[in-house]
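Student: Before I rely on this structure for calculations, could we go through its elements, its burial and its confidence together?
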Amino acid sequence: MSSVLVPTGDEGVTLTGQAVRRLLERGDGDAALLYLALLRRRGDVPPRSLAGELRWDRTRIEAAESTLRELELIAPAADLPLEPAEERPDYRQADIAGCLEENGEFRRLTAEVERKLGRKLTVPDVGVLLGLNDYLGLPADVIYLLVCHCAERVQRRYGPGRRPGMKQIEREGYAWARRGIDSQAAAAEYLKNYARRQERVPQYMRVLGLGERIPSASEEKYLTAWQEMGFPPETVALAYDKTVLKCHELKWPYLNGILKRWHEAGLHTPEEAEAGDGRRAPDKPAGGRSAWEYV
């Protein structure tokens with residue numbers, strides 16, 4: 001008897017009998033499609049990154065993902081990547097045009113972003129905004145605050161007239177989604193805290209011997225992380241001294257390693273860090289380095 005399946009010649013995927021049984025018993029077509037899409041990618045991508053490939057909105061793919069988790073066919077939520085999906089849906093021009101025509105709020109957002117950035121948005125640009133709104137679920141008012149935030153950061157760093165690119169705005173949008181900034185109130189609180197941190201940046205730059213210059217983007221990430229951990233400039237100065245003593249120069253990863261260890265040990269003030277160093281002076285293993293040789 002001939003097969004009813006048409007051979008495609010493509011590389012196949014394998015479903016275990018147990019997986020097939022669970023999917024059939026649940027009878028959820030979306031969960032089965034998502035599972036097949038994940039198998040095709042060998043499970044190397046977050047489920048939500050497949051929304052574009054499947055042409056689904058965020059609600060639909062989250063429901064299918066939840067079903068697969070209940071069926072124990074994908075890892076528990078706690079074991080999945082904490083970062084938002086690297087791949088946003090690849091919206092077609094027809095999708096974008098339809099959204100602009102049918103969704104007045106999104107149309108107004110696009111117009112406001114064009115005014116803020118001082119240029120006409122391209123189709124891929126609008127696709128970025130649609131991804132933030134439709135895929136990540138950020139409301140239009142939050143997206144506008146996000147764009148304003150990115151514009152202010154770029155102008156502060158590079159001077160008046162400079163504008164952020166859409167890729168930069170998209171990356172920051174994913175960071176906001178990861179932090180749960182999905183309402184005006186949450187955005188306002190984040191921006192208030194961000195402004196407070198920025199006011200203290202010069203203090204950190206001075207204790208690192210970097211003068212009054214504006215930190216680079218990579219340097220700012222370190223400074224932000226240290227503030228969020230709860231380190232005042234004085235403790236960073238102590239870690240800096242230890243870094244220079246060991247490395248003979250400022251090495252950001254090494255200094256960051258010291259502060260991360262202190263943070264894990266609950267040591268945040270200079271007094272706590274010094275006392276912690278005094279308490280934790282274990283003998284070195286033969287031929288090895290002490291676990292606290294870094295500090």
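Tutor: Let us begin with a definition: helices are DSSP runs of H or I with at least four residues, numbered from the N terminus. Please keep in mind throughout that this is a predicted model.

Student: Does Glu-219 count as buried or exposed?
Tutor: The cut-off for buried is under 20% relative accessible area, whereas exposed requires over 50%. Because the relative accessibility of Glu-219 is 12%, this residue counts as buried.

Student: Which residues does Glu-219 touch, not counting those up to four places away in sequence?
Tutor: A contact requires heavy atoms within 4.5 Å. With residues up to four places away in sequence left out, the partners of Glu-219 are Met-205, Arg-213 and Trp-252.

Student: What share of the 295 residues in the protein is buried?
Tutor: The protein exposes about 17000 Å², of which carbon and sulfur atoms supply 51%. Counted by residues, the buried share of the protein is 39%.

Student: Which element of the protein has the lowest mean pLDDT?
Tutor: The protein averages a pLDDT of 84, and 82% of the residues score at least 70. Over residues 78-86 the pLDDT is below 50, although this stretch has 14 contacts in the model beyond near neighbours in sequence. Among the elements, helix H6 (residues 104-117) has the highest mean, 96, while the lowest, 68, belongs to helix H3 (residues 51-54).

Methods: Residues are numbered from 1 along each chain as its sequence is written. This is a predicted model: local features need pLDDT of at least 70, side-chain atom pairs count only at pLDDT 80 or more; totals for chains, interfaces and linings use all residues. Side-chain values use heavy atoms; hydrogens and water are left out. Buried means under 20% relative accessible area, exposed over 50%, partly exposed in between (1.4 Å probe, protein chains only). Accessible areas come from the Shrake-Rupley method with a 1.4 Å probe; for residues, only the protein chains shown count as cover. pLDDT is the predictor's confidence in each residue, from 0 to 100. Helices (H or I, at least four residues) and strands (E, at least two) are DSSP runs, numbered from the N terminus.
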